[in-house]
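Walk me through this model, from the overall fold down to single side chains. Give the cut-off behind each term.

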Amino acid sequence: MYQLVIIDDEKKILDGIAEIFPWNNLGFEVKERFTRAKEALDYIAREQVDVVLTDICMPDMSGLELAKELKVYEDLQIVVFSSYSDYKYMREALQLNIGDYLLKPINYNDLLTCFEKVKSILDEKNSVTEENEVMGYYESIINRVDEYVENNFQNANLSSVAEIVGISSSYLSKIYKENKGIGFSEYLNKVRMEKAGSMLMSSDYKNYEIAYHVGYDSPKNFTRAFKAYYQVTPREYRNGIRPGDEKKC
């Protein structure tokens, strides 16, 4: 887990950012939160911190002033947010090599996209020392996705599971394919077809019942998908014919 410090002089906003967003699912731990920038600065001087997320407008020290003080920590990632879309602030943030500039009220998807990027930067910088932790993080996500598909194969979709694990659909699709060697849709289809094949071995289920059970809106669509996967129709499969068998007239 990467260590995150959040700073905002408005405590309600500070607590909301710290507690509502699924930081752990993305690989971050909210180590501390502060309403005063100088207190955060003292803390960062003593403790290991990987990322600082700070408001710009604060009474004791602005977020940009804080960022200047933090330039001594070369690997520290800084993200600022503000209720002002003033170009002056944005330009200064860019000059300080601040990772991103977010506007209040912070949009959930903007924050998610921002910290996916931050994590990628940190992963690359720590590719050797953090390799095992990163792989463990990805493995945990893949396992949660597989469990979700196993329990919800009838109605499973990428958007739903992405929301459950707390990352964007595009990022989940990318890491799932890279780490499992098979795309989400392909894996979902595999699970559905294997469930269907198992049910076809029993005389208790009619073909149309199996179709609806594994998530197809019509028996025709199910038959087409089943044949594409197994190279035989559901009826042929039920009768014991398998791919490669010679069909009898």
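The paragraphs below start with the whole chain and end with individual residues.

This is a predicted model, in which local features need pLDDT of at least 70, side-chain atom pairs count only at pLDDT 80 or more, and totals for chains, interfaces and linings use all residues. Residues are numbered from 1 along each chain as its sequence is written, and side-chain values use heavy atoms, with hydrogens and water left out.

The chain has 13 helices and 5 strands. Helices (H or I, at least four residues) and strands (E, at least two) are DSSP runs, numbered from the N terminus. Of the 249 residues, 43% are buried. Buried means under 20% relative accessible area, exposed means over 50%, and partly exposed lies in between (1.4 Å probe, protein chains only). The accessible surface is about 14000 Å², and carbon and sulfur atoms hold 46% of that. These areas come from the Shrake-Rupley method with a 1.4 Å probe; for residues, only the protein chains shown count as cover. Take the contacts between residues at least 6 apart in sequence: 63% of them join residues at least 24 apart. Contact here means heavy atoms within 4.5 Å.

Now the backbone. Most residues other than glycine have a negative phi, and most peptide bonds are trans. Lysine 104 and proline 105 are joined by a cis peptide bond, with omega about -10 degrees. Proline 105 sits in the loop between β5 (100-103) and α6 (108-125). Glutamine 231 is not a glycine, yet its phi is positive, about 65 degrees. Its place is the loop between α12 (219-230) and α13 (234-238). With a relative accessible area of 47%, glutamine 231 is partly exposed.

Next, helix α10. How far apart are the end C-alpha atoms of α10? The helix covers residues 184-200, and the ends are 24 Å apart. The expected span is 1.5 Å times one less than the number of residues. Buried residues of α10 include Phe184, Tyr187, Val191 and Met199. Leucine 188 also belongs to α10, and its 8% relative accessibility makes it buried. Beyond its neighbours within four places in sequence, leucine 188 is in contact with Val149, Phe153 and Ala156. Leucine 188 and phenylalanine 153 are 35 residues apart in sequence, but 6.7 Å apart in space, C-alpha to C-alpha.

Two charged ends sit over rings. The charged end of lysine 180 lies over the ring of tyrosine 187, 4.7 Å from its centre. The charged end of arginine 192 lies over the ring of tyrosine 216, 5.9 Å from its centre. The test asks for NZ of Lys or CZ of Arg within 6 Å of the ring centre and within 35 degrees of the ring normal.

Aromatic rings also meet each other. The structure holds 15 aromatic pairs. Rings of Phe, Tyr and Trp (its six-membered ring) pair if their centres lie within 6.5 Å; planes under 30 degrees apart count as stacked, over 60 as edge-to-face and the rest as tilted. The rings of tryptophan 23 and phenylalanine 115 have centres 4.7 Å apart and planes at 80 degrees, so this pair is edge-to-face. Tryptophan 23 is in helix α2 (residues 23-26) and phenylalanine 115 in helix α6, so the pair ties together parts 92 residues apart in sequence. Both tryptophan 23 and phenylalanine 115 are buried. Phenylalanine 34 and tyrosine 43 have ring centres 5.5 Å apart and planes at 55 degrees, so they form a tilted pair. Tyr2, Phe21, Trp23, Phe28, Tyr108 and Phe115 form one aromatic cluster.

What about strand β4 (residues 77-82)? Glutamine 77 lies in that strand and is buried at 10% relative accessibility. Its contacts, leaving aside neighbours within four places in sequence, include Asp50, Leu122 and Lys125. Aspartate 75 is in the loop between α4 (63-69) and β4. At 54% relative accessibility, aspartate 75 counts as exposed. Aspartate 75 touches Asp50, Leu122 and Lys125, not counting residues up to four places away in sequence.

Last, the cysteines. A search of the whole structure finds 0 disulfides, where a disulfide is a pair of cysteine sulfur atoms within 2.5 Å. Cysteine 114 is buried at 2% relative accessibility, whereas cysteine 57 is partly exposed at 33%.
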